[in-house]
Protein chains: 2
Amino acid sequence: MTIIKFSRRAEGLTSSAIREILKLTEREEIISFAGGLPAAQTFPVQALQSACERLFADAPAAALQYAPTEGFQPLRQWIADRHGADVGNVLITTGSQQALDLLAKVFIDPGSKVLVEAPTYLGALQAFSLSEASYAEVPTDDHGLQPELLTEALAADARFLYTIPNFQNPTGRRLTLKRRLTLVARARELGLLLVEDNPYGELCYSNSPLPSLQSLNPSGVVYMGSFSKIMAPGLRLGYVIAPAEIHGKLVQAKQASDLHTPSFTQRLVYEVLKTGMLEGHLAAVCDLYGKHCSVMLDALSRHMPPGVRWTRPEGGMFIWVELPEHIDAMALLEEAVANNVAFVPGAPFYARNPRTNTMRLAFVTVIPDKIEEGIARLGSLIA
Amino acid sequence: MTIIKFSRRAEGLTSSAIREILKLTEREEIISFAGGLPAAQTFPVQALQSACERLFADAPAAALQYAPTEGFQPLRQWIADRHGADVGNVLITTGSQQALDLLAKVFIDPGSKVLVEAPTYLGALQAFSLSEASYAEVPTDDHGLQPELLTEALAADARFLYTIPNFQNPTGRRLTLKRRLTLVARARELGLLLVEDNPYGELCYSNSPLPSLQSLNPSGVVYMGSFSKIMAPGLRLGYVIAPAEIHGKLVQAKQASDLHTPSFTQRLVYEVLKTGMLEGHLAAVCDLYGKHCSVMLDALSRHMPPGVRWTRPEGGMFIWVELPEHIDAMALLEEAVANNVAFVPGAPFYARNPRTNTMRLAFVTVIPDKIEEGIARLGSLIA
């Protein structure tokens with residue numbers, strides 16, 4: 001009999017609630033606000049197809065061979081230029097989920113303290129927990145993380161603070177300019193490293209971008225970006241811009257993790273980017289997502305009973321709903337699925353102190369008529 | 001000032017010797033036996049190009065959207081069928097390097113004992129070391145790992161034994177059928193889990209395949225396969241076939257590591273495989289690599305001074321050379337590079353007790369005339 005002895009962290013792995021829910025809600029008849037998927041009709045299929053043809057015409061062997069761990073140089077340069085960074089600080093990752101895994105490897109020992117927003121992105125908690133992080137939560141309000149509550153005691157011995165300043169997953173909130181300045185100043189005072197995750201920043205309907213935390217203090221911030229929401233997630237392309245010392249460790253960790261991100265997909269995306277199509281493409285995506293967001297916000301005002309609150313995002317893919325305290329969103333989900341509508345309960349997004357009366361609604365993949373219908377159903381269930 | 005506190009394992013990361021050497025040997029004029037790259041002229045470019053066209057014609061959105069962590073179902077099924085396994089036990093990974101990382105996550109706590117061959121694949125040591133494994137070495141001889149030396153003391157508390165039975169990297173050795181049977185029986189007696197890494201098994205020039213360890217004991221062996229050497233490494237596609245309990249943990253670890261392997265490359269490779277081109281393709285690759293191997297073996301017999309020994313592989317990409325005891329291969333490399341020829345010193349392939357008089361020669365990417373010339377230069381340097 002083979003003796004199977006898992007690692008301590010593997011013993012701690014449990015099936016993700018979201019994952020199990022997503023399985024439930026794949027039925028055609030379900031109106032699902034649960035998935036975190038971008039809308040497939042926004043994928044730049046034509047541009048990718050032409051890029052593919054050029055790639056096979058020009059340099060097929062290089063796109064199929066082993067390649068440097070840091071990533072495809074022209075793609076790194078494009079990213080550096082877009083962010084006013086040095087190409088030497090850019091690392092291409094296999095989706096930004098891998099960036100989370102690499103940061104965990106490079107910074108987290110068993111028991112290391114990591115600061116996160118309450119709530120925060122579930123995938124980040126999964127990545128950090130696999131390195132046995134312990135968590136402290138930074139309080140948030142309607143405008144996101146509250147930097148004035150970032151005390152010395154809270155920050156003491158923390159390896160970093162992980163934050164999603166733009167249209168956060170799960171809340172859709174955006175950190176104000178004033179808070180960005182305060183957060184960066186406070187972190188600098190405390191000697192606290194910031195990890196800024198920005199998959200949604202380009203999905204800004206109001207076209208009013210705010211400066212990244214990294215632009216405010218390049219030596220104190222690790223920046224994570226992604227092509228999943230602005231091009232296509234199935235390509236699994238993300239990136240990290242990090243101070244030199246951290247970049248070097250991330251590259252070594254990545255070499256041990258998957259050698260390098262597929263050369264083929266990196267070159268494909270670069271071929272698309274260099275046509276200059278991104279700005280027009282983003283405008284179209286923002287237009288679509290902004291309309292969907294309005295439809296859901298309208299539907300919420302019409303169908304939600306008193307005592308229900310929700311965020312009003314200016315970008316991204318998610319609305320966060322707070323139900324009256326006595327309603328358990330997990331129990332509500334069971335009823336909702338029985339009524340052919342789905343969402344993600346908010347509790348799993350909390351590292352320590354789950355608020356069970358919360359839920360996340362994704363609005364980008366459901367057509368407007370169905371958004372109206374789904375929210376109406378949810379409204380009557382809650383009432 | 002931001003305080004950067006790396007994890008203990010990140011502190012332990014050092015730049016890979018091979019990596020630095022590869023940078024040195026990119027110069028045009030160098031005859032390099034150093035790289036572990038497959039020959040680019042074997043990449044099935046036409047087949048991949050047609051596959052790409054079909055993919056864009058048929059299901060572009062699905063190839064670009066988020067997808068299940070386990071991998072693309074038809075590709076998993078193809079792999080299961082080829083190995084006589086159940087599709088439920090197959091997990092697609094972002095190259096087989098990721099499989100090593102996932103195994104490390106699932107099995108290795110800081111200090112956990114892992115058994116490896118002496119020497120073994122450097123990338124495996126990098127992946128396991130990032131999880132702070134400690135190592136014990138199983139002795140090898142000209143026929144690979146010596147299962148009769150796998151004692152109870154050696155196996156005690158080991159999380160698994162990692163082995164490359166076919167045309168091992170770095171030695172090119174293949175485990176005999178008799179040893180496979182002994183190894184599997186011995187591991188079963190000891191309750192020891194085997195991890196079988198098989199990237200080179202299909203590159204068998206003599207067309208005399210031996211049964212996998214997994215086929216001899218499916219419940220006691222985790223099997224790792226790869227498309228890097230039989231199709232193209234830049235696609236980063238590997239897979240793991242594991243007993244159900246282990247498979248489940250690997251899937252969860254993968255979800256936290258990169259969500260899933262790119263849908264696009266998985267579907268691309270499946271499109272190629274389903275045309276049935278693989279067998280003919282493999283025959284052509286084996287023919288080419290077998291010829292290169294013969295050329296290098298001939299050159300070695302003509303140019304190496306007495307006291308030098310080398311392996312005679314029946315497959316794969318590497319020949320292992322043992323120099324007279326007093327020659328340090330690392331010092332030799334410096335002289336060699338000055339003479340425009342390169343190889344990889346053998347020491348980094350040992351987990352514990354490096355033999356500094358060894359080296360690895362890769363023969364598949366250098367044209368026959370240059371193999372002759374490069375080995376002649378090495379021979380005179382050694383003499």
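This is a predicted model: local features need pLDDT of at least 70, side-chain atom pairs count only at pLDDT 80 or more; totals for chains, interfaces and linings use all residues.
The strands under discussion belong to an open sheet of chain A, in which seven strands follow one another in the order E2-E10-E9-E8-E7-E3-E4 with mixed pairing. Strand E2 (90–94) and strand E4 (134–138) of chain A stand at the edges of the sheet, and because each has a single partner strand, one side of each is left without a neighbour there. On average, and with direction ignored, neighbouring strands of this sheet are turned by 25 degrees against each other. Within the sheet, strand E8 (residues 194–197) and strand E9 (residues 221–226) of chain A run parallel and are joined by four bridges; Glu196(A) stands opposite Tyr223(A) in E9(A).

At the level of the whole chain, chain A is divided into two domains, whose bounds are listed below.

| Domain of chain A | Residues |
|---|---|
| Domain 1 | 16–43 + 279–382 |
| Domain 2 | 45–273 |

The C-alpha centres of domain 1 and domain 2 of chain A lie 25 Å apart, and the contact takes 28 residues from domain 1 of chain A and 28 residues from domain 2 of chain A. On the side of domain 1 of chain A that touches domain 2 of chain A, the elements giving two or more residues are helix H13 (278–303) and strand E12 (318–322) of chain A, and H13(A) gives the most, with six residues. The residues of that side of domain 1 of chain A divide into 17 nonpolar, eight polar and three charged.

Definitions and conventions:
Residues are numbered from 1 along each chain as its sequence is written. Chains are lettered from A and ligands numbered from 1 in the order in which they are written. Domain bounds come from an automatic or database domain assignment. Two residues are in contact if their C-beta atoms, placed from the backbone, lie within 7 Å. Ala, Val, Leu, Ile, Met, Phe, Trp, Tyr, Cys and Pro count as nonpolar, Asp, Glu, Lys and Arg as charged, and the others, Gly among them, as polar. Two strands pair if DSSP finds at least two bridges between them. Axes are lines fitted to C-alpha atoms, for helices over the stretch in contact, and angles run from 0 to 180 degrees between N-to-C directions.
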